[in-house]
Amino acid sequence: MLKTILDRLLQGIVVIICLLTLTFFLIRLVPGDPLTDEKAMPPQVRAENMKIFKLDKSQPVQYLYYWKTLLQGEMGISIKKRQPVSMIISQSFPVSVIIGITGMFIAVIIGIPAGIIAALKHNSLIDNGTMFLAMLGISIPTFVVGPILAKFVATQVPFLKVAGWGGPFDWILPAITLGLGTAAYLARITRAGMLDILSQDFIRTAKAKGADQKSIIIKHALKGGLVPAIAYIGPAFAMLITGSFVVETIFQVPGMGQHFVNATKERDYFLLQGMVLLFGVLIVMVNLAADILLTYLNPRLRS
Amino acid sequence: MKQAFLLISSIAASLCLCHCESKSTLADYTKEKILVMGNSNEPGGLDPHVVTGVLESNILRSMFEGLCVEDPVDASIHRKGAAVSWTPNDDFTEWTFKLQPNGKWSDGEDVTAHDYVFSYHRILSPTFGAKYASMLHYIKGAKDYNQKNNEVYLIKNHSNFKDRWESLKNINYRGDSSIDKKQFEGTKFADLKTNDKRNYTKAFGLNHLSKEVLLQIKKDPSLFKWTDNLDKVSQESILDTYIASSGKDFWDLANVGVTAIDRHTLKINLNAPVPFLPDLTKHYTWFAVPKHIVLKHGTISEPNTKWTNPENLVSNGPFKMKTWKFNYKIEVERNPHYWDFETVKLNGIIFLPISNSYTETRMFYNDQLHITYNLPSEMIEYSKKNYPQYTRQETYLGTNFLRFNNTQEELKDINLRKAIAYATNSDSLIKYVKKGGQKVATGITPPMGQYKAINSIEFNPTKAKEYFAKTKFANNPEDLKITLLTTDKDGAKTEAEAFYAMWSDTLGIKIQIEQREWTSYQDRMSKIDYGIVTGGWVGDYPDPTTFLDMWKKGDGNNRTGWSSSAYEEKLKVASLTKDPMQRLSILREAESIMMADMPIAPLYWKTSNYLVHKSVKNWNPMIMKNQPYKFIDLEQ
């Protein structure tokens, strides 16, 4: 087990190095640079700013400088916002984690029970109804759900705001908006997993032995039936934390998703690299955690 | 599974506990006299010498104060700011500012004339790289110092070379702006081929070569193109002078026209008459920064130091920094050390970086904001109908226009440019696309103060057709292939389609629309890589030159490839003219010269559409939307 974890960690490090290298050179291929501005800079001012951010060096040299900064435990300065990247991340990461966890919480408490119930009532009205709703949840994008919730729910409920960040009540709508799509996927995946398990021989045997329905599902079916759902939760969780640009701007949440998109748009090289580094680490870690959990659930994976 | 749930919910619960904040409603904020404003985005820093935008200006104007301050009602009046009085000499080339005797920084230290000298030294310092240093080029000697025109100090005024200046003045000191310097970015000089090395030294000129390059030239003088008949000895001694002074700060030699006569008297000497200097001092580039704080966190020419961190930031305005949470909010509070503390009515201002203007509008309707940054064009009609008392539509000092690529074969033909300009129906663009009550522009400069706009263009299909008939595409308009470059911002596509329809209806031409995301669009525009491009300009100070200076040859914001020596001559004459009215009329003539060539097609003069809550008092329309916060009040 330990060997597997170490192995995966090592792979993860290689993945992150590749990711950083690719990002570093790809973003520099895109037209424009961080100093491109609406009001043009006089050439000598541009030259000075290139020097300040070491952009006047050749790309391989810049790349080495970047690694030097990283190894010193820094991520450089956001050229557009003139703030250390580490500060930007340290302020926005907790927000994204809150929204991500709450969103995932909502996705899990809606998606998994819905999937289980649909599987148990296979081909019934409940099953079709749930799956219809799930399809709807997958198809409607967040930029539609968000404003609808803001317009019709937030204005009616006294403790909810249409947008803004403050107390835990402000987490609710963004988290629902973010979690609904994931809930829908989870419901479909759980249903498929459960249906697969419920048709297995060992379930039939349990039934034949006279075990009651409740214990069959909880003791025997769930453990195997949830495997696909858990495999999905790992990356989905990372997605919820990182990919909430739309939700963040609709509800004015000071999270990380916007920095990722804006840094790309504005060619804010160091901020983008910092974001990619963080997302890379996050995705590697979450996948590793999901793998460990799966090994625990599925003995066949242990060898 | 159960454990996982437990873990998640316990984390959520603990976050809940530590993150609880009571929900304040707008009424609470009003009662506490805290103004809540939408401010569109996170600022690009809070150093007045680094930033360049409107949203940064909104925050900076609350914390810092210029020598003069805007009047809340009449834009032509200058109120006392950090200065109690300002006196020009006869021809407006020398101004004396008396500072507030009890002017203090927010940490209690005195604001002195030395802070100003330090600040102007800092923003003009060539290695600081201030993007907006040109705002101070009116000051005597400032431009030479800022642009590193070092030959002025090293050769022209230097005792060793002074007498021979006539024979030395033609050396390439300042570089050749026609060579694209971007090609050298990212390559070491030593790695270039000999020919490229020569090209490099030619492009940059002696003033901008690093010590190592100068040393290489010393070894091999042929790497630099000297003037003919300049002897080796002179070459050597010039090089030695440059090498010896490499990296030196020339401030003391530059004699920049900023002097601290005493602790509270500041004298500013200008290159030419600047009757509008009090207006300039309201711009953040002219603000003073606290010398003692800036130097505590770095050197004078070092940008991006920690002095602007919320815990370090010290300012001289009505408010001071309270909290700055990245991309969440910036809150300023009343500054107890402010000289005019009694006048300040608000206890604080919260600036929210709301980038999504629909979200911002929703927040306003949901009673979360006092003032929005803007109002999306689709919401203007709705707001006017449902919230007439809140909806503001005010003239704004800005123009939108189309740039023509004056270097492109087809558009070099003035008749084609005129045909397109006359075929553009700005009125219907405003009515059906923009919907913000903008005014049809008849020139590049909007009317302001005593300056009346020129009448250079109108929508006139007949004229458009006449001009088009003179082009070589008169009989086969479909052969004309030009692209219209635009952004991916809201409404950009609709606008481009409107142009397509207008030009196709009147002239029969079919343009190609190219949408590019913001940075690529800017990049293409600055390389003049387009046919026609949409664009705009917002004035930095209420004087026509803020709209006219950018069309000079080689100006980074020209971006059309157009230039005219007659135009530049007029601007120069205007800049030397003492009489303000005469000066404006010469500027009008300059603008007419430019518009006769139609290098751009003016579309409309901007308006500002936004929402203001009824509890906000003294928020009057201002052409630059720079309402002085100290007069603003909140009442239930």
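Which residue is the bridge partner of Phe319(B) in E9(B)? Select both strands and look: the partner is Arg334(B).

**Before you set off**

You are looking at a predicted model, in which local features need pLDDT of at least 70, side-chain atom pairs count only at pLDDT 80 or more, and totals for chains, interfaces and linings use all residues. Residues are numbered from 1 along each chain as its sequence is written, chains are lettered from A and ligands numbered from 1 in the order in which they are written, and side-chain values use heavy atoms, with hydrogens and water left out.

**Stop 1: a hairpin in chain B**

Stay with strand E8 (residues 319-325) and strand E9 (residues 329-334) of chain B, which pair in the antiparallel sense over six bridges. Here, two strands pair if DSSP finds at least two bridges between them. Helices (H or I, at least four residues) and strands (E, at least two) are DSSP runs, numbered from the N terminus. Now click on Asn327(B): in this hairpin, with three residues between the strands, Asn327(B) takes a positive phi near 60 degrees.

**Stop 2: a four-stranded sheet**

Next, select E4, E5, E7 and E6 of chain B, which form an open sheet in that order, with antiparallel pairing. Strand E4 (83-88) and E6 of chain B stand at the edges with a single partner strand each, so one side of each has no neighbour in the sheet. From one strand to the next, the twist averages 20 degrees. (Angles run from 0 to 180 degrees between N-to-C directions, and axes are lines fitted to C-alpha atoms, for helices over the stretch in contact.)

Look at E5(B) and E7(B), which run antiparallel and are joined by five bridges. Trp95(B) has Ile268(B) as its bridge partner in E7(B).

Asp110(B) sits in the loop between strand E5 (94-99) and helix H4 (113-124) of chain B, while Arg263(B) is in the loop between strand E6 (258-262) and strand E7 (265-269) of chain B, 153 residues apart. A salt bridge is a side-chain nitrogen of Lys or Arg within 4 Å of a carboxyl oxygen of Asp or Glu. Over all chains, a search of the whole structure finds 37 salt bridges.

**Stop 3: a six-stranded sheet**

Still in chain B, select the open sheet with the order E12-E16-E11-E15-E13-E14, which has mixed pairing. Its edge strands are E12 (439-440) and E14 (512-515) of chain B, each pairing on one side only. Strand E13 (residues 483-486) of chain B pairs with E14(B) in the parallel sense over four bridges. Thr486(B) has Gln515(B) as its bridge partner in E14(B). Now show helix H15 (residues 377-386) of chain B, which lies across strand E11 (391-404) and strand E16 (600-611) of chain B and runs at about 160 degrees to E11(B).

**Stop 4: two helices in chain A**

Move to helix H4 (residues 85-120) and helix H5 (residues 125-139) of chain A, whose axes come within 8 Å and cross at roughly 145 degrees. The contact is made by Ala114(A), Ile117(A) and Ala118(A) of H4(A) and by Ile126(A), Asp127(A), Thr130(A) and Met131(A) of H5(A).

**Stop 5: where the chains meet**

Finally, show both chains. The contact takes 63 residues from chain A and 61 residues from chain B. Between them, chain A and chain B bury about 5,200 Å², 58% of it on carbon and sulfur atoms. Buried area is the accessible area (1.4 Å probe) that two parts lose on being put together, summed over both. In chain A, Lys39(A), Arg82(A) and Gln252(A) lose the most area to chain B, together 12% of what that side buries.

How many salt bridges does the rule find across the interface of chain A and chain B? The rule finds four.

Terms used
Contact means heavy atoms within 4.5 Å.
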